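This report describes a single protein chain for a reader who is new to structural analysis. Please look at the sequence and the structure before reading on.

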Amino acid sequence: MVFPIFGKKPGSFLRLQGAFRGYGTGLIINAKDATVQQNFTIAHGLGHYALEHHKDPRFEKNYSVILRDACSAGQTPMELEANLFADNLLVPSMFLQKYLNKYPYATDQELSNIFGVPSEVIYRRRLYV
Ligand SMILES: [Zn+2]
């Protein structure tokens with residue numbers, strides 16, 4: 001796992017959050033991202049590895065690297081699968097339900113701070129609790 005700094009090109013919306021290298025050889029995480037985003041990007045990359053996307057024919061044909069930025073996140077079936085893996089790893093249903101039972105009016109941002117994940121992860125997890 002390496003943590004280079006990726007900048008944002010002026011006039012571009014590409015701001016790389018991370019990348020999963022082909023053949024399961026490594027993760028690249030943007031060192032400039034907030035810790036909660038890095039946590040998610042690492043878990044997302046582990047999802048690609050655990051789900052063996054590097055062995056998937058969809059990966060072999062089209063990619064040697066899966067790039068992740070705010071625009072591409074969740075756009076393909078493999079990205080959705082890796083997001084689901086990361087969401088469940090970082091915010092287990094049992095713990096989220098426990099907090100929601102105790103603090104039913106907790107906001108996504110408050111839960112985001114508790115779990116150390118971006119608030120959109122909490123939003124997605126709340127849909128399935
Ligand atoms: Zn991905």
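## Helix 1 and helix 3

In this predicted model, the axes of helix 1 and helix 3 (residues 77-90) cross at roughly 120°. An angle over 145 degrees would count as roughly antiparallel, and one from 65 to 115 as roughly perpendicular; helix 1 and helix 3 are therefore oblique to each other. Their axes come within 8 Å, and the crossing of helix 1 past helix 3 is right-handed.

On the side of helix 1, the contact is made by Asn39, Phe40, Ala43, His44, Gly47, His48 and Ala50. Helix 3 contributes Glu81, Ala82, Asn83, Phe85, Ala86, Leu89 and Leu90. Sorted by class, the residues of this contact are eight nonpolar, five polar and one charged.

## The nonpolar core

Which residues form the largest nonpolar core? This core has 12 residues: Phe40, Ala43, Ala82, Ala86, Leu90, Val91, Leu96, Leu111, Phe115, Val117, Val121 and Ile122. Two or more residues are given to the core by each of helix 1, helix 3, helix 5 (108-115) and helix 6 (119-126). Helix 3 supplies the largest share, three residues.

## The chain as a whole

The chain contains six helices and three strands. Along the sequence, these elements follow the pattern β-β-α-α-β-α-α-α-α.

Of the 129 residues in the chain, 27% are buried. Among contacts with a separation of 6 or more, 67% are between residues 24 or more positions apart.

## Two loop residues

Glutamate 52 lies in the loop between helix 1 (35-50) and helix 2 (57-62). Its phi is positive, about 55°, although the residue is not a glycine. Is glutamate 52 buried or exposed? A residue counts as exposed if it has 12 or fewer C-beta neighbours within 10 Å; glutamate 52 has 10 and is therefore exposed.

Alanine 106 is located in the loop between helix 4 (93-102) and helix 5. Because alanine 106 has 17 C-beta neighbours inside 10 Å, this residue counts as partly exposed; 20 or more would be needed for a buried residue. When neighbours within four places in sequence are left aside, alanine 106 is in contact with Tyr99, Leu100 and Leu111. Leu111 is also one of the residues of the largest nonpolar core.

Conventions: Residues numbered from 1 in each chain as written. Predicted model: local features only at pLDDT ≥ 70, side-chain atom pairs only at ≥ 80, totals over all residues. Helix = DSSP H or I, 4+ residues; strand = E, 2+ residues; numbered from the N terminus. Contact = placed C-beta atoms within 7 Å. Axes fitted to C-alpha atoms, helices over the stretch in contact; angles between N-to-C directions. Parallel < 35°, antiparallel > 145°, perpendicular 65-115°, else oblique. Left-handed = near helix turned anticlockwise from the far one by under 90°. Nonpolar A, V, L, I, M, F, W, Y, C, P; charged D, E, K, R; others polar. Core = buried A, V, L, I, M, F, W, Y, C linked by C-beta atoms within 7 Å.
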